[in-house]
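Reader: I am new to protein structures and would like to learn how to read one, feature by feature. Could we take the features in turn, with the general idea before the case at hand?

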Amino acid sequence: DPDDDTILFMNERMRRHYGVTEDPVGKTCWKILQKGFTKRCSFCPSAQLKAQPEGAVVWEEYNSLTKRQYRNTDCLIEWEGGRRVHLQYSVDITNIKEVEASLQKRLEQQELMAEISRSFIATAGVKELVVDALRMAGEFMGLSKIILARLSAEEGMLHADFEWYAEDNDCFRPAVTRIPFHPGTPEYDGFLVEKQPYLAWDDISKL
């Protein structure tokens with residue numbers, strides 16, 4: 001009902017999808033189909049439909065109850081007694097959105113690699129170029145610091161040859177440039193045992 005938001009009909013598939021076990025007819029829609037709401041959804045297109053009763057509104061929603069994303073189509077239809085009521089049907093587009101986000105991330109990564117490659121076509125010294133590349137990678141990943149280390153297997157040590165720290169981040173900066181790298185250390189176990197792509201330390205830890 002476009003006036004008081006009471007549910008007049010809900011098909012069985014939608015009831016199962018939202019986990020509605022009791023008869024929803026007569027219940028307030030935003031109490032049944034959302035989580036923790038105390039009033040009509042701010043994004044409800046009901047006002048738009050009243051302004052353009054012959055039109056339809058297509059929009060996307062992240063649902064607080066199901067934790068999934070939908071593409072909704074809303075319109076007004078004729079109901080019993082000749083009154084106009086609000087119809088909504090939804091398509092779950094969560095997987096589509098996840099694929100789109102993955103593709104967008106891949107494009108951003110490719111752009112980053114291209115930018116780093118272009119940055120090396122310069123007359124600056126190798127150290128300056130490498131640190132600048134670390135800066136671009138760190139800013140892209142939202143990190144506060146990156147240490148690029150070289151492994152000396154004979155010593156069982158990592159030599160921190162290049163370091164980058166975010167300018168506006170007062171993070172811990174190790175005084176040493178040699179990091180133990182053998183079974184039992186977080187660096188060794190993280191990379192070789194747990195197969196992590198990178199390691200992170202909180203700012204109170206010491207290398």
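Reader: In which helix is K31 found, and is K31 buried or exposed?

Author: Keep in mind throughout that this is a predicted model. K31 is found in helix α2, and its relative accessibility is 55%, so K31 counts as exposed, the cut-off for that word being over 50%.

Reader: What separates the C-alpha atoms of K127 and P45?

Author: K127 and P45 are 82 residues apart along the chain, and their C-alpha atoms are separated by 56 Å. K127 belongs to helix α5, which covers residues 126-141, and with 56% relative accessibility K127 counts as exposed.

Reader: How should I read a pocket, and what is the volume of the largest pocket here?

Author: The general idea is that rolling a probe the size of a water molecule over the atoms shows where empty space is left. In this structure the largest pocket has a volume of about 970 Å³. Its lining consists of 37 residues, and those lying nearest the centre of the pocket are M14, L33, Q88, Y89 and S90.

Reader: Which helices and strands supply at least two residues of that lining, and which one gives the largest share?

Author: At least two lining residues come from each of the helices α1 (12-18) and α2 (29-33), and likewise from each of the strands β1 (56-62), β2 (69-78) and β3 (84-92). The largest share belongs to β3, which provides eight residues of the lining.

Reader: How do the residues of the lining divide into nonpolar, polar and charged?

Author: Sorted in that way, the lining of the largest pocket holds 22 nonpolar residues, eight polar ones and seven charged ones.

Reader: Now I would like to understand salt bridges; how many does a search of the whole structure find?

Author: In general, side chains of opposite charge can pair when their charged atoms come close. A search of the whole structure finds 13 salt bridges. One of them joins the side chains of D3 and K50, with 3.4 Å from N to O. This pair links distant parts of the chain, since D3 sits in the segment before α1 and K50 in helix α3 (residues 46-51), 47 residues apart. D3 is exposed, with a relative accessible area of 61%, whereas K50, at 46% relative accessibility, counts as partly exposed.

Reader: With which residue does D5 form a salt bridge, and is D5 buried or exposed?

Author: The partner of D5 is R40, and the closest N and O atoms of the two are 2.7 Å apart. Because D5 lies in the segment before α1 and R40 in the loop between α2 and α3, the pair ties together parts that are 35 residues apart in sequence. D5 has 10% relative accessibility and therefore counts as buried, for which the value must be under 20%. R40 is partly exposed, with a relative accessible area of 33%.

Reader: Where do K97 and E100 lie, and which residues are joined with them into one network?

Author: Both K97 and E100 lie in helix α4 (residues 94-119), three residues apart, which is about one turn of the helix. Salt bridges that share partners join E60, R71, K97 and E100 into one network. Within the pair of K97 and E100, the closest N and O atoms are 3.8 Å apart. K97 is partly exposed at 23% relative accessibility, and E100 is partly exposed with a relative accessible area of 42%.

Reader: Finally, which residues make a nonpolar surface patch?

Author: F191, L192 and V193 make a nonpolar surface patch of about 260 Å². Among them, L192 lies in helix α6 (residues 186-193) and counts as partly exposed, at 42% relative accessibility.

Terms used. Residues numbered from 1 in each chain as written. Predicted model: local features only at pLDDT ≥ 70, side-chain atom pairs only at ≥ 80, totals over all residues. Heavy atoms only, no water. Patch = residues over 30% accessible without salt bridge, like charges linked within 9 Å, V, L, I, M, F, W, Y side chains within 5 Å. Areas by Shrake-Rupley, 256 points an atom, 1.4 Å probe, with all protein chains shown as cover. Salt bridge = Lys/Arg side-chain N within 4 Å of Asp/Glu carboxyl O. Helix = DSSP H or I, 4+ residues; strand = E, 2+ residues; numbered from the N terminus. Buried < 20%, exposed > 50% of the residue type's maximum accessible area, 1.4 Å probe, protein only. 1 Å grid on protein atoms, 1.4 Å probe; cavity = no way out; pocket = protein on both sides within 12 Å on 5 of 7 lines; lining within 4 Å. Points joined across faces, edges and corners; volume = space filled by probe spheres on them. Nonpolar A, V, L, I, M, F, W, Y, C, P; charged D, E, K, R; others polar.
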